[in-house]
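Keep the viewer open as you read.

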Amino acid sequence: MDLCIIGSGYVGLVSGACFAEVGHHVVCVDNDPRKVEMLQRGEIPIYEPGLEDIVHRNVSAKRLRFTTSTEDGVDSSQIVFIAVPTPPQPDGSVDLSFIERVAREIAGVLKPGEYRVVVDKSTVPVKTGEKVADTIKRYNKQATFDVVSNPEFLREGCAVSDLMNPDRVVIGSSSQKATDLMKQVYEPFRAPILVTDVNSAELIKHAANSFLSLKISYINAVSAICEASGADVELVADGIGTDRRIGRNFLNAGLGYGGSCFPKDVKAFIAISKQLGVPFHLLEEVEKINGQMLTRFIDKVRSKLWVLQDKKIAVWGMTFKPDTDDVRNSVAIELINRLVAEGAQVSAYDPKGAEKAVQWKLIDSAKVRIVANPLEAVQDAEALLLATEWSEFAAQDLEEVRKRMHTPLVFDGRNLFDPQMMADLGFEYHAVGRPGR
Ligand code: NAD
């Protein structure tokens, strides 16, 4: 099939590449000319395992191309996916201006009599599909189209594999013609397809991300009780997670959730529920618990180092999760900034995220020493803080780490290491919700 994706970021680019991989012809549109030029030169603007190969292979096979022209994309495709940002506004509600603008742009280039399916893949509040349809109709009275909601559930860090093997595909549609075309798009993926109305599909995405955030906050609240009682949150998580009704995924205690999706989607769901007159107070508590985790962690560091000013602190990790270069809304970045604000001398290392953290000015590179490897970060450090659970950190020579440190004090914000092993190696080790050994 001929497909167009408007917005070639984490979702649009990976979706476009995966659609091409299963045989569709895909044109990815982006209004950032530098991004499109990079892609046209064969450079990949984001780090995502497996993405580079799949893009190169499909560009060579002439199934994937890039353009800045929405008209080109819409003209040459039966189905037009929207994958532009939906950032939060200061009050937590969703800024839909990117979506509205794309709807107008599509309206401007739709030709009379040429039917198109307009698919919203961005995460949007319930009832956005209706607004997209109204907008297109308002700006193009002759357009023949249907609007479909097809929320995306990929996880950064394993986005290619998530897209190639989805748990399910949700298609929210009120038109049989559009539904049939969407089923054809996804037929090669051999995944369960759930067809719903548009509103339900939109709501599924916010409800799913909010539920996952709730699971994280739940285990984090349990971790505080473990710390107060001497129990071990990892054992508690195993004990409850092996119950199939609960499941072990997303029961990892730590610094809390971050990234470009969970914080904004929880905030959005709170705002949506309020707007609809049915406030979802449980999610306010989820947010509150999440916010407390970093404060509790820094309090722990302070309880050992007393005053943080002038202390040499190593931070491992800047991305919001491993295997990505995405540092948007990363708790690790907030940790670094809070340490710097207290006058600590921070040496930070991340396998993929440092460049974007500096480029996007999320950290002040004049105040943070960014180093090229984990061992350089810990040289003479008075404490090591682990903020992102990259496997590279688990594979470090910890004897060497201890030798290089001024004081062998480790605060593990992601429970990556085994407390007994760390004690045996001579570290004073503090995890989240786990007793020391
Ligand atoms: P992103 O910022 O990585 O990419 C968005 C792209 O859209 C950018 O390249 C931007 O230049 C482009 N763009 C903006 N306006 C445009 C326009 N008018 N025309 C053409 N291109 C335009 O964002 P993302 O992370 O891919 O997220 C996109 C949407 O998908 C959001 O709603 C997000 O909530 C949702 N989502 C994200 C993830 C994730 O893990 N990143 C997962 C599921 C859903």
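Sorted by type, the residues lining the largest cavity come out as 3 nonpolar, 1 polar and 3 charged. This is a predicted model, so please read each value that follows as computed from predicted coordinates. To find the cavity on your screen, select Glu227, Gly254, Met293, Arg296, Phe297, Lys300 and Val432, which form its lining. Helix 12, spanning residues 281–305, gives the largest share of that lining, with 4 residues. The volume of this largest cavity is about 40 Å³. With a threshold of 30 Å³ or more, the count comes to 1 cavity.

Now turn to the ligand. Its shell holds 27 residues, and the closest of them are Asp30, Lys35, Thr86, Glu156 and Lys264. By type, this shell divides into 10 nonpolar, 8 polar and 9 charged residues.

Begin with Lys35, one of the closest residues: an N or O atom in the Lys35 side chain is 2.6 Å from an oxygen atom of the ligand. The backbone contributes as well. At Val11, a backbone N or O atom lies 2.8 Å from a ligand oxygen atom. At Thr123, a polar backbone atom is 2.9 Å from an oxygen atom of the ligand.

How much of the ligand's accessible area does the protein cover? On its own the ligand has 830 Å² of accessible area, and the protein covers 92% of this. As for the elements around it, helix 1 (10–21) and helix 5 (97–109) are those that give two or more residues to the shell. Of the shell residues, the largest share comes from helix 5, which gives 3.

Technical notes
Residues are numbered from 1 along each chain as its sequence is written. This is a predicted model: local features need pLDDT of at least 70, side-chain atom pairs count only at pLDDT 80 or more; totals for chains, interfaces and linings use all residues. Side-chain values use heavy atoms; hydrogens and water are left out. A residue is near a molecule or strand if one of its heavy atoms lies within 4 Å of it. A polar contact is a pair of N or O atoms within 3.5 Å; within protein, one must be able to donate a hydrogen and the other to accept it, and residues adjacent in sequence count only if both atoms are side-chain atoms. Accessible areas come from the Shrake-Rupley method with a 1.4 Å probe; for residues, only the protein chains shown count as cover. Ala, Val, Leu, Ile, Met, Phe, Trp, Tyr, Cys and Pro count as nonpolar, Asp, Glu, Lys and Arg as charged, and the others, Gly among them, as polar. On a 1 Å grid over the protein atoms alone, a cavity is a set of points where a 1.4 Å probe fits but cannot get out, and a pocket is an open set with protein on both sides within 12 Å along at least five of seven lines; lining residues have an atom within 4 Å of a point. Grid points are joined across faces, edges and corners, and a volume is the space filled by probe spheres set on the points.
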